[in-house]
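Subject: Structure handover

Hello,

Here is the structure for you to open alongside this email. My notes on it follow below.

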Amino acid sequence: MVALRFYTVEMSLPCLCQCPSSPISLSSSSPRYNLLNTTSKRLDSSRNCRTLRISCSSSSTVTDQTQQSSFNDAELKLIDALIGIQGRGKSASPRQLNDVDSAVKVLEGLEGIQNPTDSDLIEGRWRLMFTTRPGTASPIQRTFTGVDVFTVFQDVYLKTTNDPRVSNIVKFSDFIGELKVEAAASIKDGKRVLFRFDRAAFSLKFLPFKVPYPVPFRLLGDEAKGWLDTTYLSPSGNLRISRGNKGTTFVLQKETLPRQKLLATISQDKGVAEAIDEFLATNSNPAEDDYELLEGSWQMIWSSQMFTDSWIENAANGLMGRQIIEKDGRIKFEVNIIPAFRFSMKGKFIKSESSTYNLKMDDAAIIGGAFGYPVDITNNIELKILYTDEKLRISRGFDNIIFVHIREI
């Protein structure tokens, strides 16, 4: 049985603008369904966990056109490349990094807003969605921004105030508060903003005063200075790509699409049931929906119920690991047990009605290297797909449990 894991996060200056720091420590537990730890934590859960009830039975494969209208095709390609990447890029695979890099370069080659630093569209709060981490990036950027349970923002106010500023904000939660690190800013040219960090403080909900951030900015000299280039600003003002003075690339958004909001909610493990209800409601067209079980490897990142039964029963019911959908009606559940050992259960699926499939799983084994130990398990499951696209699937399976899977690359 795998125990819940706790992490100590070294909290230091959030480096959207890459500046030096003097770290302090804060102990924080990772959320139960954190995208990085979903499978292992599911083993220690309570049988009494509340089952999610979903009223919608199906939804549209096409995201609401009104919500997509503010992003062009090239921007949507970048947003799609970000889906499934954990830790804002920290845990991205080489292929994922390559896909993001290619999409970024395409956008940087297109005509966005000319002279973005002179545009009112750059003003406002931007949410950090992705960042690269070259060897020159600060230790904080390599660790802090990779914690999915925290939300990282950047406020940019250059023209609408007498005190131009760029501020980095880390929001811990609605109940804890945030850390805000501010920099005095000035426009150098149409793309570049110069900044110098000069103040920072924690705003904690349980304290009536702000707690100063322990960094002596005045003593840091040039180390507190930097610059930030905006290499692409979308005509809608909802997507921005920036590159910092230490070579790091940032992807930021003002508006996030429903699919992104749902995945962010799952990673923070708060209000997931409501977020799924909202997502299905806004993407629902029962009269037209008939979903196919798309091929590929689908990693489970959330379910509405967990069990204290043996892990092998959980695996056989699809409550752990990944589903691999193959051609000719073949399906496999696969769970990594310990290094070099995995549980595999194969079967077949057949479509019984609209968006509904019958799964018969009858070929199970524990596999280590080239050897396998057969396990006598047979399982019949009805799988109802509530929503699917090329990256995300929401379904109802064993015991009316709701599952959310993302497609692996």
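A residue is called buried under 20% relative accessible area, exposed over 50%, and partly exposed in between (1.4 Å probe, protein chains only). By that cut-off, buried residues make up 53% of the 409 residues in the protein chain.

Before the details, two points on the source. This is a predicted model: local features need pLDDT of at least 70, side-chain atom pairs count only at pLDDT 80 or more, and totals for chains, interfaces and linings use all residues. Residues are numbered from 1 along each chain as its sequence is written, and side-chain values use heavy atoms, with hydrogens and water left out.

**Overall**

The protein chain has 9 helices and 20 strands. Both are DSSP runs numbered from the N terminus: helices are H or I with at least four residues, strands are E with at least two. Contact means heavy atoms within 4.5 Å. Among contacts in the chain with a separation of 6 or more, 62% join residues 24 or more positions apart.

**Two helix pairs**

Start with helix 3 (residues 73-82) and helix 4 (94-109). Their axes lie 9 Å apart and the packing angle is about 160°. (Axes are lines fitted to C-alpha atoms, for helices over the stretch in contact; angles run from 0 to 180 degrees between N-to-C directions.) Helix 3 is therefore roughly antiparallel to helix 4. The angle classes are: under 35 degrees roughly parallel, over 145 roughly antiparallel, 65 to 115 roughly perpendicular, and the rest oblique. The crossing of helix 3 and helix 4 is left-handed, meaning that the near helix is turned anticlockwise from the far one by less than a right angle; clockwise would be right-handed.

Helix 3 brings Ala74, Glu75, Lys77, Leu78, Ala81 and Leu82 to this contact, and helix 4 brings Asp99, Val100, Ala103, Val104, Val106 and Leu107. By class, that is 9 nonpolar, no polar and 3 charged residues. (Ala, Val, Leu, Ile, Met, Phe, Trp, Tyr, Cys and Pro count as nonpolar; Asp, Glu, Lys and Arg as charged; the others, Gly among them, as polar.)

Next, helix 7 (residues 258-268) and helix 8 (residues 272-282). Their axes come within 9 Å and cross at roughly 165°. So helix 7 is roughly antiparallel to helix 8. This crossing is left-handed. Helix 7 uses Pro258, Arg259, Leu262, Thr265 and Ile266; helix 8 uses Val272, Ala275, Ile276 and Phe279. The contact has 7 nonpolar, 1 polar and 1 charged residues.

**Strands around strand 7**

Two strands pair if DSSP finds at least two bridges between them. Strand 7 (residues 192-204) pairs antiparallel with strand 6 (residues 177-187) over 11 bridges. These two form a hairpin with 4 residues between them. Strand 7 also pairs antiparallel with strand 8 (residues 211-212), over 2 bridges. A hairpin of 6 residues joins strand 7 to strand 8. Ala201 is the bridge partner of Lys180 and of Pro212 in strand 8. Strand 9 (residues 225-233) pairs antiparallel with strand 7 over 5 bridges. There, Arg196 has Lys225 as its bridge partner.

**Ile122**

Is Ile122 buried or exposed? Ile122 is buried, because its relative accessibility is 2%. Ile122 sits in the loop between helix 4 and strand 3 (124-131). Beyond residues up to four places away in sequence, Ile122 touches Pro116, Thr117, Val156, Leu158, Thr230, Leu233, Arg240 and Lys254. Its C-alpha atom is 9.4 Å from that of Leu239, 117 residues apart along the chain.

Best wishes
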